Amino acid sequence: MASFVDRVVLHLRAGHGGHGCVSVHREKFKPLGGPDGGNGGDGGDIVLVADPQITTLLSYHRGPHRSSGNGGPGMGDHRQGHQGEPLELPVPVGTVVQTPEGETLADLDEPGMRFIAAPGGRGGLGNAALATTKRKAPGFALLGTPGWEGDVVIELKTVADVALVGYPSAGKSSLIAALSAARPKIADYPFTTLHPNLGVVEAGAVRFTVADVPGLIEGASEGKGLGLEFLRHVERCSALLHVLDCATLEPGRDPLSDLDVILGELAAYPVPEGQTPLLDRPQLVALNKIDVPDARDLAELVRPSLEERGYRVFEISAVSREGLRELSYALGELVEADRAARLAAAEIKPRIVLRPTPVDAQDFTVTVEGGTEPLYRVRGVKPERWVAQTDFANDEAVGYLADRLAKLGVEEALFEAGAVPGSAVMIGDDSGVVFDWEPTLTSAAELITSPRGTDARLDGERRATRAERRERYHERMDAKADAREELQREREAGLWREQADADAERDAGGRAARAGVDPDRDEETE
């Protein structure tokens, strides 16, 4: 089972905000005492805290899923919902927080630094908080927004003053055990050290930290062996100590070739922007295992070549402790000089200046997507939060959302983008809400949906001449005369039919009298 973990993917879920409450105060003789719905509580944040007492990310490797408390809903009688319980996650000093895509979010390289990795949701307002002089008794409340949910990568980069670099089994673990009180695992096979070991060394009045990191082989900068697992922990060290094995039995290896390979891998490793390249940092060389007779002879043979390259060389033995005192004092001098240089070059941290939001700051953007049937997408923190807070089953809440969007300027921006009534508008990402947009009409000017700078009422319009107006006038007069004539003909036709009916009735009455029959009876009279 792993005992040291330096990279973990955390699955975080911050607490959701509580919903606001819709309530009306009621008591005897006061049936409508006004709105008294309380606000919902905010969801809890998830915070990463740099803790010097923590040395590994093992606990998060075993339990990567973490969540904070939800906020409580508001209640009547102006009772607010409870705040969600925040969650603090202690991490080692030197932890880097990144997105899954590799973007750095925070570098917790000092004790006590805090970073909100997952902010909690915001609680919704109750109807008491939404009441105004024009809306005295709101029949709706705002919903709580969901907390942030996603993945972050935390990666530990050891914070030490000196890094011991060298081939596997070069004696680095034995050396750190001899210099400090650290007790790393020591064995005679490669890659015994699988994770960094830290030890505190005291050299006179100087106290510094030494890191024994996994061994380095050719191609480590490309990920071979423990490669990046090693180089990640060298980034933050002030000085490097090359530990060269003078008693190796492997064919084709010697201290000079080992050093060339190590230097090549250090040069190929890209350090983060703003940090000193690895080869530009102070370096010492330690020829180890001189307690072996052949190793001492080899160390005396290669020492002049190393000094010609400009290195300060120490012949040491982690077993007999020969040369360790001089080496520790030399390392202390490098660390002390580096600390003094950093202190002299350190810039005063700028003050945190709180500036108000600019008046012309853009709170949202409108983009046009699609072809024949365009989709107008609105993105912005405020519009997306307002949509998440709206209860779409309540018409009054939907109207309140429309008023807020119009006041923010969303409708004007849609007009400028070319939207017309009935256009599809989406607020947020693909999981957002889609509307069939109908603009809010507050004046006759808003009925004009042409782009800004144009007026559809002026397109294709010209003033008629006097002759054209006279012709149109005569056409109207002729049409009215024709209508009057048609009406007169219909009236005359109607009078003619009435006269014909009267004549026919009179003729029928005369024939009946001559025949002795009463025209008003169906039977003959005697």
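**Entry: the open sheet**

I began with a sheet of five strands, which is open and runs in the order β3-β1-β8-β5-β6. Its pairing is mixed. I took strands as DSSP runs of E with at least two residues, and helices as runs of H or I with at least four, numbered from the N terminus. Two strands pair if DSSP finds at least two bridges between them. The twist averages 25° from one strand to the next. That angle runs between N-to-C directions, on a scale from 0 to 180 degrees, with axes as lines fitted to C-alpha atoms (for helices, over the stretch in contact).

I then looked at one pair in detail. Strand β1 (residues 7-13) and strand β8 (residues 149-156) run antiparallel and are joined by seven bridges. R13 stands opposite E149 in β8.

**Entry: what kind of model this is**

I am reading a predicted model, where local features need pLDDT of at least 70 and side-chain atom pairs count only at pLDDT 80 or more, while totals for chains, interfaces and linings use all residues. Residues are numbered from 1 along each chain as its sequence is written, and side-chain values use heavy atoms, with hydrogens and water left out.

**Entry: the whole chain**

I looked up the overall make-up. The protein chain has 11 helices and 18 strands. Of its 526 residues, 39% count as buried. Buried means under 20% relative accessible area, exposed means over 50%, and partly exposed lies in between (1.4 Å probe, protein chains only). I also checked contacts between residues at least 6 apart in sequence: 68% of them join residues at least 24 apart. A contact means heavy atoms within 4.5 Å.

**Entry: α8 against α9**

How do the axes of α8 and α9 cross? I found helix α8 (residues 381-388) and helix α9 (residues 395-408) crossing at roughly 175°, with axes that come within 10 Å. The two are therefore roughly antiparallel to each other. The cut-offs are under 35 degrees for roughly parallel, over 145 for roughly antiparallel, 65 to 115 for roughly perpendicular, and oblique for the rest.

I listed the residues that meet. From α8 come K382, P383, W386 and V387; from α9 come L401, R404, L405 and L408. Six residues of this contact are nonpolar, none is polar and two are charged. Here Ala, Val, Leu, Ile, Met, Phe, Trp, Tyr, Cys and Pro count as nonpolar, Asp, Glu, Lys and Arg as charged, and the others, Gly among them, as polar.

**Entry: α10**

I moved on to helix α10 (residues 410-417). V410, E411, A413, L414 and F415 are buried there. Against what do the buried residues of α10 pack? They pack against β15 (365-369), β16 (375-379), α9 and β17 (424-427). Just after α10, G418 takes a positive phi of about 100°.

**Entry: salt bridges**

I used this rule: a side-chain nitrogen of Lys or Arg lies within 4 Å of a carboxyl oxygen of Asp or Glu. The count comes to 14 salt bridges.

R309 and D260 form one of them, at 2.8 Å from N to O. R309 sits in the loop between α6 (293-308) and β14 (312-315), and D260 in helix α5 (residues 255-268), so the bridge ties together parts 49 residues apart in sequence. R309 is partly exposed at 40% relative accessibility. D260 is partly exposed at 40%.

R312 and E333 form another, with their closest N and O atoms 3.6 Å apart. R312 is in strand β14 and E333 in helix α7 (residues 324-345), 21 residues apart. R312 is partly exposed at 44%, and E333 is partly exposed at 48%.

D430 and R377 form a salt bridge too, the closest N and O atoms being 3.0 Å apart. D430 lies in the loop between β17 and β18 (433-436), while R377 lies in strand β16, 53 residues apart.

**Entry: E315**

My last stop was a network of salt bridges that links R303, E307 and E315. E315 is in strand β14 and counts as buried at 18% relative accessibility. Leaving out residues up to four places away in sequence, E315 touches L287, I290, A299, E300, R303, E322 and G323.
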